[in-house]
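Subject: Handing over a structure

Dear colleague,

I am passing on the structure below, followed by an account of what was found in it. Please have the sequence and the model open side by side as you read.

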Amino acid sequence: MLSELSDPQHRDTLYLTMNSLMGAATGLLFWLVLARVLALPPTEVGYGFAVIGLGTMVGVLGKGGLDTALIRNVPRASWREGRRLLVFAVLSGTAVVILLTLAFALGSQVWFAIPELSVHGWLLVAGLGALLVITWLQDAHFLAEGHARSIFQRNAVFSGARLLLPVPIVALSLAEPVPLAWGLALLVSALLALSFAKGDPLRDGEPVPRSRFLRSAFRNVTGSTAEFLPGLILAPLVLAVDGPEAAAYFGIAWTGASLLFLVSAAISRSALNRMVKSGEHGRPDAIRRASRQLLALILPATIAGIILAPLLLSVLGPDYAREGRLPFTILAMSTLFVAPAYLYLGLLRATERPKPLIVFPAAMMVALLTFAPLIGLYHGAVGVAAAWLIANVPFGVYAAYRLHQETQEVNPHVSPDPDRRHHHAE
């Protein structure tokens, strides 16, 4: 056990997994505080969940592949150059968030999946998106510097603030209390994370041209966004086809299932970091370790979550338990296919394979956007959850097959995999 903790990949995976579990668990507690302690009606909870979903969506799009670009370039740069890359990435991502929010606000009257928001609401969407870009890129920089513990510390601050802030905000009757509390918690964690910066300012390294950095980010846009963007589309979709109450029930089910998704993503990010640092020869071992971690954590957690779902959801009230149980069960089952897909996306991002890195996530989005509106229109939140599962099955199976191929020993007499012919050497 001690030898595993001394291994960088296991140590990073441990911190990232604890970070994901803590974030998702306190996310559930956040909704519990709103629904039970502060007694916000389901309509307001569902509307707030949709606003947070929209803010997260523009944040994911604004971040794009900048986090992966940091992971790839910071270890080779000097400490000061790595800090400059972080600032450059934050400014670039924030600018994209502002432009996207303006575009979505102008198009909100014709795009049915986006609820009509006031100017104040759209400002919150932009603020949430920008703060998420800042904190996600801070985390990527910490990981690139080998300080996964700092990611856990920042998220601990965010989680604590997220649980405490709703009480005074609701007591003061401030507008949009749900996204406002979420955004202020992000702001507090981002400011305190500035004191977590570590590294040796004297570390030597090569300069990183900004054009090369942006090219690396652009090649990883689809792989980075594919982990989160499909799920973010679902909450506004449920709001559109089944109303704010259904959005609240689905949002709670999604938050619970996201415990499993986030653990899968954490293992994938740890494997990505190890694959980048160890190079081609260490890649199969990184995949095998990540696969063992997924089997050890995800499978039993999925079974336990499905069994305990009625009990866990009943804490928020009988309506949440009744309406959220089936969507949660379907979403939890999808983790068995989401987990290998996340790990395969990590492999594609580590090797920067241009064609599959675009085709794989794009095809997944097309499948989801095809099934979710059609099934959700007739079966509401349950239909949207079923569409998520249906869309992920073929990609999860294919990802597991490709990962298995990657872990096989390379035969020098066999021609290389065609996907590997166009690696970028950055």
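At what angle do the axes of helix α7 and helix α9 cross, and within what distance do they come?

Before the reply, a word on the source: this is a predicted model, in which local features need pLDDT of at least 70 and side-chain atom pairs count only at pLDDT 80 or more, whereas totals for chains, interfaces and linings use all residues. Residues are numbered from 1 along each chain as its sequence is written, and side-chain values use heavy atoms, with hydrogens and water left out.

The axes of α7 (residues 148–164) and α9 (residues 177–193) come within 8 Å of each other and cross at roughly 150 degrees, the axes being lines fitted to C-alpha atoms over the stretch in contact, with angles running from 0 to 180 degrees between N-to-C directions. Because of that angle, α7 is roughly antiparallel to α9, a label given to angles over 145 degrees. On the α7 side the contact (heavy atoms within 4.5 Å) is made by Arg 154, Val 157, Phe 158, Ala 161 and Arg 162, and on the α9 side by Trp 182, Ala 185, Leu 186, Val 188, Ser 189, Leu 192 and Ala 193. These residues divide into nine nonpolar, one polar and two charged, where Ala, Val, Leu, Ile, Met, Phe, Trp, Tyr, Cys and Pro count as nonpolar, Asp, Glu, Lys and Arg as charged, and the others, Gly among them, as polar.

As for the whole chain, its secondary structure comes to 14 helices and zero strands, both taken as DSSP runs, with helices (H or I) of at least four residues and strands (E) of at least two, numbered from the N terminus. Of its 426 residues, 55% count as buried, that is, under 20% relative accessible area with a 1.4 Å probe, while exposed means over 50%. Among contacts with a separation of 6 or more, 83% are accounted for by residues 24 or more positions apart.

Two loop residues also deserve a mention. Most residues other than glycine have a negative phi. Ala 39, however, has a positive phi of about 55 degrees; this residue is found in the loop between α2 (8–37) and α3 (42–63) and is exposed, with a relative accessible area of 55%. Ser 173 likewise has a positive phi of about 55 degrees, lies in the loop between α8 (166–171) and α9, and is exposed, with a relative accessible area of 63%.

Notes: Parallel < 35°, antiparallel > 145°, perpendicular 65-115°, else oblique.
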